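Here is a walk through a few backbone details and a metal site. Look at the structure first.

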Amino acid sequence: MKDKNRFVEKITPKSSDFSRWYVEVIRKAELADYAPMKGMMVIRPYGYAIWENIKSLLDKRIKETGHKNAYFPLFIPESLLKKETEHLEGFSPEVAWVTHGGDDELEERLAVRPTSEAIIGNMYSKWINSYRDLPVLINQWANIVRWEKVTRPFLRTAEFLWQEGHTAHETQKEAEEETQKMLSVYKEFVESELAISVISGLKSEREKFAGASATYCVEALMSDKKALQMGTSHFLGQHFSRVFDIKFEDRNQKLQYVWQTSWGVSTRMVGALVMAHGDDSGLCFPPRVAPLQVIIVPISIGEWKQNVLPVAENIRQSLDQKGFRVELDAREQFTPGWKFSEWEMKGVPLRLEIGPRDIKNNNAVLVRRDNRNKQVVSQDELENKIQEILSRIQKDMFDKSLKFREDNTHEVEKYQDFESIMKSKMGFIKAFWCGNPDCETKIKEDTKATIRAVVSEKEKGKCVCCGKDAGFLVYFAKAY
Ligand SMILES: [Zn+2]
């Protein structure tokens, strides 16, 4: 068994260099690879399968809450994007421009969409005339281009995949309710499907989306104790409707501007799964979104191809028919030990081992990826047991994530403590903030921590930075 650990040894341990571990595990597990264009990545089948699972589980929720999918063009005329200066300025360093069609220079440059408020706003102004046309509840699954200077697979790349919801409403109240509704859809989705515990709240003025009245977010703590924004939901007010002239005749025959929202999550979620759940042995995926839920490894001793392989294949087929995502690793050139560590590295939640002795006893061995617990199970009970264990893994992974977040959230009153925690333990700091951007800036300059979310505007305390009366209870962290 000399080769047993070779696969894993090639990866830098997470505990010694998190950034290197992250990139190495993504490439080694074949989630993604670098593309020839700087800052771009190729999402490989194993990584894309996670995105497909995320997409189908989230799409279901988006539709259940009354939205329909549509598709808008990739290109946005410069004049349209320029109509809204705050919005354009927010994105302009990152916009990619098309200047030629074939050999001909275009009369007007086209932006490759950095987000779709402008093009969708333009169309909504044509489609919406009366209160009877409202609400408009549309979602789009698409690719986005933002010319980022510093990139990292899944977390920040020049092109990424996402969904963006864009809604228009009759009243402010309805639009605000929609913003909150989608925020809670995201929270529930991330916690129950990705098994990652999140906080949710309001962004500060500085951190909010360009052009929004208010940006809400869900944020999680990665296992290196830095925060990652997992999704945002924006209340846009009437800002874009005034710019793009989206008016409707209300119930009193008066012309009004619509109230809007937009909300999105991206392939960043795949990066979050890697960083939140992975360990020194590699990836660890929650069963609900794992590309593969069960990997069958036959123990290749003696006449295994005659005795073991056909039984293993039968098990694979029956699990497959029951809807489990399952594969059989029948490769001859690798030992079982090699395969164990490879599939552990790839984060498959459950391994099924079966050898000559198990065949004799009508058994199989199930090994969990998350805690490596082993269980001998009768072949007659496999489906039920596997279902039960996968549900258990999903729950245990979430509980672990919740505990991790709670253990790494520090309530702080003194600025000195703030600084020392950000230097050593990191994680979330829960503290009061007076609302002054100068305090926000000072904190960022001193500690690199930013406001991740305002979670309460009702309680009263003293600003952790300036000591003045403060009404905002805030989560701070260093963030991706
Ligand atoms: Zn202050």
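Backbone and zinc site

P135 sits in the loop that runs between α6 (117-127) and β7 (136-145); helices (H or I, at least four residues) and strands (E, at least two) are DSSP runs, numbered from the N terminus. The peptide bond leading from L134 into P135 is cis, with omega near -5°. This is a predicted model, in which local features need pLDDT of at least 70 and side-chain atom pairs count only at pLDDT 80 or more, while totals for chains, interfaces and linings use all residues. Residues are numbered from 1 along each chain as its sequence is written, and side-chain values use heavy atoms, with hydrogens and water left out.

Q253 is not a glycine, yet has a positive phi of about 60°. Its loop joins β12 (247-249) and β13 (255-257). Q253 is exposed, at 59% relative accessible area (buried means under 20%, exposed over 50%, partly exposed in between; 1.4 Å probe, protein chains only). M426 also has a positive phi of about 60° without being a glycine, in the loop between α15 (415-423) and β21 (428-433). M426 is buried, at 15%.

The zinc ion has as protein donors the SG atoms of C434, C439, C463 and C466, 2.3 to 2.4 Å away. Donors are N, O and S atoms within 2.8 Å of the metal (3.2 Å for Na, K and Ca); water is not among the atoms, so sites may look incomplete. The donor residues follow the spacing C-x4-C-x23-C-x2-C. C434 lies in the loop between β21 and α16 (437-447) and C463 in the loop between β23 (461-462) and β24 (469-470), so this pair ties together parts 29 residues apart in sequence. C434 is partly exposed, at 22%, whereas C463 is buried, at 3%.
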